[in-house]
Amino acid sequence: MEVNNINSPSTPRWNSERPFLTGRFHQETKTMSRFAADSHSLGFGNAVGCYNAAVQELVVIDDLLSAMVGIQGRYISIKRVRGREDDFTFQVDASMDLTLQELAKRVFPLCESFMLINQFVESRSQFKNGLVNHAFAAALRALLLDYQAMVAQLEHQFRLGRLSLQGLWYYCQPMMGSMQALSTVIQKASVNNFVGSAVLNLVQSQAKAMAGDTAVRSLLEKMAECASNAYLGILERWVYEGVIDDPYGEFFIAENKFLQKESLTQDYDAKYWRQRYSLKDGIPSFLANTSGTILITGKYLNVMRECGHHVQVPVSENSKLMSFGSNHRYIECIKSAYDFASSELLNLMKEKYDLMGKLRSIKHYLLLDQGDFLVHFMDIARDELMKKLDDISVEKLQSLLDLALRSTAAAADPCHEDLTCCVETSSLLRRLGTFKDSEKNRNVLDDNDLEEPLSLTGLETFSLNYKVRWPLSIVISKKALTKYQLIFSLPFHCKHVERQLCGAWQVHQFVALNMRGTAISRSSLLCRSMLKFINSLLHYLTFEVLEPNWHVMHNRLQTAKSIDEVIQHHDFFLDKCLRGCLLLLPGFLKKMERLKSLCLQYASATQWLIMMLFSNLRGSLMQSFGAWHQYLSSSSQAETVFDSSCTGILGIGNDQ
């Protein structure tokens, strides 16, 4: 994992210009050990091989004690590779007794490990390396203090004349494995420049690899626990308060501050809820299975904070997330925090913001559950809706809609003021063609199915809209409202066709009392067939699709445990209604639109002919009646086709 590009304080220059403040002077200055200086003053300036074995052993022990804390002695030197600070070796004077050389070389790995760890502590204590590296370096620094205390005790024994080279090797062995294991970890961390969760995963994986050495594994687990304290502190604020306190970008949850909650009413894809907070790479291995729960918990708490409802998960000493281990208690703490946050947010949405009341209100208007206002509106707005698309005044339609709402039973609904009207720029078929429903169903219709009428009126493009405010916009998003509007367009236009056919049927009944003839009888039968088709279609849409699915969704929402479940049930309801209303079946929808168009043409022709029938112009009367008779006589086959098409579509609807 690379270092994040987070603005962090820079390390002061004096920290590198004055090495005696950092500890790096051990490697950068060439000093002689005290015993070597004393020996030089005593005349021991020759090669170490000139002395007897007893003196050589004393010199070697003194140099080794210095080398164990990173200081080169007189006969043990530190060689570095130019340009590579982590690559160095310890070398001993070649004239030294071979036995002593071999014993000294056994201690060199411990010396090298100390230098690697000490250098890692110095470099990873800078601000830019993040909190996890800071905590890990602090734990290593504490370990080095114990190590240096051991070296000081060995030096004390040496000054008392009680330490031999064999004894030094014996006392160093317990620290050898631990220091080498830590040096392996920090070498990998340094080469890959690990920060954050990558450091935690590295230490944990190394601890698992050392399962055979109980002491080393215990040490590595303790180091992992110390390094994770800062990370768990970030996690604790997120799952208990819904706040990301991550100054160095180490947390596995990313925040996109450019996405604001107001975009939910405008953005069709509802990116705010899905992308405002999201998971990113670098999840710690011990949190991998609960990362989704952690993300959702903080999101729920953050929503309540955005609503001004400051709530915090109850925290006790047993629910602190400052440590993790094999008992997995932290998983139980995260689960309890999720349960609290989900139930608290769901209660807030249902009780304070009346989620179910808003959904019922939308059902009344956009799903035509409460149709008395719509009948009144269609009566008073008939002339405006009959105009062409460019001539319609949306402001006038809105005032007429408000009048219809105040004059009917809808006035008792406290949410009726949130209902507005709009006029679309294209027909239902064209809107379905650009409707993005899912990844598998990007375009519902093909270009061949997108037949736009020559002249659109308000009856084909009128739609209702609903003002939804935060936080209800999480559930009733722009995408959900678009689906509601698509569903509304079909029964609304069917209502218009039904009203036109009812007018034509009434005219037939009036004419039948005064005139009897073959043409009138056949026209009456055709009108009744059309009216039966439209009524059956409306019955199917209302009582076989919308109402049953609504009751199923309503029951599921009562048992939902979280807002995400509410969103899932709501979206499933809308998708099922779209399929049940044949809006996702372009072939059958196209045939149904043609049948409705034929019904409107017939109703319009009937009204015109009846008007001409009762005019005072006898010639026009006979000519119109003859044209009507000729039209009906020549369309007997069309009547049969209409009946069969109606039966076929209704059968398809029942199957759906």
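This is a predicted model: local features need pLDDT of at least 70, side-chain atom pairs count only at pLDDT 80 or more; totals for chains, interfaces and linings use all residues.
User: Is Asn 129 buried or exposed?
Analyst: Buried means under 20% relative accessible area, exposed over 50%, and partly exposed in between (1.4 Å probe, protein chains only). The relative accessible area of Asn 129 is 5%. Asn 129 is therefore buried.

User: Which backbone oxygen does the side chain of Asn 129 reach?
Analyst: Contact means heavy atoms within 4.5 Å. Beyond its neighbours within four places in sequence, Asn 129 is in contact with Ser 123, Arg 124, His 134, Val 195 and Glu 250. A polar contact is a pair of N or O atoms within 3.5 Å; within protein, one must be able to donate a hydrogen and the other to accept it, and residues adjacent in sequence count only if both atoms are side-chain atoms. At 3.0 Å, the side chain of Asn 129 reaches the backbone oxygen of Ser 123.

User: How many helices and strands does the chain have?
Analyst: The chain has 656 residues, and 48% of them count as buried. Its secondary structure comes to 24 helices and 6 strands.

User: What share of the accessible surface belongs to carbon and sulfur atoms?
Analyst: Accessible areas come from the Shrake-Rupley method with a 1.4 Å probe; for residues, only the protein chains shown count as cover. The surface of the chain totals about 32100 Å². The carbon and sulfur share is 51%.

User: At roughly what angle do α11 and α12 cross?
Analyst: Two packed helices are described by the angle between their axes and the distance between the axes. Axes are lines fitted to C-alpha atoms, for helices over the stretch in contact, and angles run from 0 to 180 degrees between N-to-C directions. The axes of α11 (residues 291-306) and α12 (residues 329-352) come within 9 Å. They cross at roughly 35 degrees.

User: Which residues of α12 meet α11?
Analyst: From α11 come Thr 293, Ile 294, Ile 296, Thr 297, Tyr 300, Leu 301, Val 303 and Met 304. In α12 they meet Ile 334, Ala 337, Tyr 338, Ala 341, Ser 342, Glu 344, Leu 345 and Leu 348.

User: Which peptide bond is cis?
Analyst: Pro 471 is in the loop between β6 (462-466) and α19 (478-514). The omega of its cis bond is about 5 degrees. That bond joins Trp 470 and Pro 471.

User: Why does Leu 368 count as buried?
Analyst: Leu 368 lies in the loop between α13 (355-366) and α14 (372-380). Its phi is near 55 degrees, a positive value in a residue other than glycine. Leu 368 counts as buried because its relative accessibility is 13%.

User: What is the relative accessibility of Leu 582?
Analyst: Leu 582 is placed in the loop between α21 (563-580) and α22 (586-613). Phi is near 65 degrees, positive in a residue that is not glycine. Leu 582 counts as buried, with a relative accessibility of 1%.

User: Which backbone oxygen does the side chain of Thr 542 reach?
Analyst: Thr 542 belongs to helix α20. Thr 542 is partly exposed, at 24% relative accessible area. Its side chain reaches, at 2.9 Å, the backbone oxygen of Leu 538.

User: Is Thr 559 buried or exposed?
Analyst: Thr 559 lies in helix α20 (residues 518-559). A polar atom of its side chain is 3.1 Å from the backbone oxygen of Arg 556. With a relative accessible area of 53%, Thr 559 is exposed.

User: How far apart in space are Ile 71 and Cys 111?
Analyst: Ile 71 lies in the loop between α4 (53-67) and β1 (76-81). At 21% relative accessibility, Ile 71 is partly exposed. Ile 71 and Cys 111 are 40 residues apart in sequence. C-alpha to C-alpha, their separation in space is 9.5 Å.

Methods: Residues are numbered from 1 along each chain as its sequence is written. Side-chain values use heavy atoms; hydrogens and water are left out. Helices (H or I, at least four residues) and strands (E, at least two) are DSSP runs, numbered from the N terminus.
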